Amino acid sequence: MVVATGDFVSTSRDSFIRPLLASVPVFWLQLLTGSIEGHSAVLLPQLEESEKFYISLEEESWIASLGIMATPLVAVLSGPMVERYGRKFIFYIFYILCTLGFSFIGLAQRVEHIYIGRILGAGAHGLTLCSILYIYEICVAHQRNKLLPLLCPMCSAGILYAYVIGGYLPWNVASLVLAGSGVVGLICIFFIPESPAWLVMQGDINAAIQSLEWLKRDKETIAQEVDELRKSSTSKDLPQSISLQHFLHPTVWKPFLILLIFSALQNGSGFYMLLYYTVNFFQNLGTGGEIDPLTITVGLALMRLVSGSFGALFIARFSRKKLTATTAFGMFIVASAAVAYLVTFGEDPTNRPHQWFLVLCSLSYVLLCTLAIQPLPWLMTNELYPLQLRGLMSGITFFCLFTMVFVGIKAYPFFMFYIHITGILCIFAGACLLAVIFAVFLLPETYNKTPYEIEEYFMRRKKKSVHCDETIYM
């Protein structure tokens with residue numbers, strides 16, 4: 001069997017500009033996704049001091065948790081929706097929900113209006129898998145490696161955007177500014193093409209060709225690219241109707257298991273605990289008690305944006321396996337050094353020397369995490385699954401990933417109470433060491449690989465006759 005390269009390189013000046021332009025509304029979507037994540041952190045402090053709203057602790061917890069509770073369910077429902085109605089349709093729904101959600105909050109007269117706004121925002125958040133899917137499908141391999149890694153920095157920029165807007169403007173004005181940002185994205189969606197891969201799956205070959213022409217593919221390679229998309233969407237190895245047999249196929253269950261393990265290690269490394277409990281974490285570490293919460297929140301969001309941007313460059317240039325193994329090992333060293341410091345000098349910060357060491361360890365840990373461990377489980381979701389089930393399985397996978405994030409965030413206070421900061425750092429270090437082993441022995445390589453090659457990788461142990469480089473993923 002001949003394995004197509006799929007990297008249809010165009011010499012046209014617009015060969016990269018057009019996919020970049022088509023990705024702008026998708027990057028804006030990620031910016032607003034980050035804003036949804038970060039909004040409650042700056043909304044709640046203002047509501048607590050508001051004369052208009054007198055929120056109780058229970059109401060405060062609902063405002064915070066409603067922003068994530070509905071996300072896993074919407075994520076799994078979005079899989080069938082993206083396959084049935086297309087990628088652009090999901091973008092429209094995202095921007096409508098996002099705009100309505102922030103508008104409800106900005107115009108709220110009662111706390112129930114804020115609840116509704118947060119639920120709508122959580123619904124929009126659950127649709128974000130389509131952003132990865134769309135960029136993956138409109139780009140060839142070398143373009144994909146440049147554009148996909150930018151999604152995580154855009155999400156980080158959105159968190160910073162919400163912190164700055166919501167931290168320094170009145171909460172209702174800030175919410176309406178964010179709602180206006182949603183309208184801007186909604187308008188932009190009208191000007192981008194539908195995914196050619198989805199159009200091929202619908203049998204609309206002429207529309208797929210027009211989409212590829214808009215993206216400035218070479219005319220000589222458009223027919224070949226359409227033919228490869230047909231192969232992927234009508235693979236003889238996969239049944240042509242959704243059934244249990246689909247999910248038992250090696251190209252489905254193997255990527256699913258790999259992504260679940262990767263996500264579990266990601267959450268075990270503590271990135272999202274640090275993100276959602278920044279001030280609490282530094283207070284328990286004994287280094288942040290006197291720092292203004294808004295200042296440290298904005299500062300870490302800015303650092304996450306900068307490090308995420310470097311991560312985008314590294315993901316675009318280096319092997320997934322090598323990058324994951326290297327950064328995870330660095331995180332293990334940093335976490336172990338912090339544990340050694342706490343074991344040596346104790347958790348009581350009163351008489352500990354060199355307090356800056358723990359701050360340096362924490363910042364270095366977050367920096368290394370944003371280079372690979374944090375973005376890759378999300379980015380690789382749409383790299384590993386076959387085209388025919390990519391939307392559905394991405395939705396199911398995102399449901400599991402969001403659920404793990406939610407469980408990890410909820411578990412943090414109990415961990416802090418029972419095993420304290422030293423025990424938590426030991427868990428972080430252990431997860432990082434396991435991530436090194438996982439990257440070396442289990443994580444498949446997707447860097448510069450076509451969807452067809454990735455499918456062949458998962459099938460190669462079943463089909464010994466496939467003439468495919470057995471070391472391509474090592």
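**Close-up views of a predicted model**

**View 1. Helices α18 and α19 are roughly antiparallel to each other (angles over 145 degrees count as such).** In this predicted model, local features need pLDDT of at least 70 and side-chain atom pairs count only at pLDDT 80 or more, while totals for chains, interfaces and linings use all residues. Residues are numbered from 1 along each chain as its sequence is written, and side-chain values use heavy atoms, leaving out hydrogens and water. Helix α18 covers residues 320–345 and α19 residues 356–369; they pack at an angle of about 160 degrees, with axes 9 Å apart. Helices here are DSSP runs (H or I, at least four residues) numbered from the N terminus. Axes are lines fitted to C-alpha atoms over the stretch in contact, and angles run from 0 to 180 degrees between N-to-C directions.

**View 2. Here is where α18 meets α19.** Contact (heavy atoms within 4.5 Å) involves residues including Gly330, Met331 and Tyr341 of α18 and Phe357, Cys361 and Leu368 of α19. By class, the contact has 13 nonpolar, three polar and no charged residues; nonpolar means Ala, Val, Leu, Ile, Met, Phe, Trp, Tyr, Cys and Pro, charged means Asp, Glu, Lys and Arg, and the others, Gly among them, are polar.

**View 3. Meet Phe281.** Beyond its neighbours within four places in sequence, Phe281 is in contact with Leu274, Ser362, Tyr412, Ile421, Leu425 and Phe428.

**View 4. Helix α24 is largely enclosed by the rest of the structure.** Eight of its nine residues (451–459) are buried, meaning under 20% relative accessible area with a 1.4 Å probe, protein chains only. Among them are Tyr452, Glu453, Phe458 and Met459.

How values were computed. Helix = DSSP H or I, 4+ residues; strand = E, 2+ residues; numbered from the N terminus. Parallel < 35°, antiparallel > 145°, perpendicular 65-115°, else oblique. Buried < 20%, exposed > 50% of the residue type's maximum accessible area, 1.4 Å probe, protein only.
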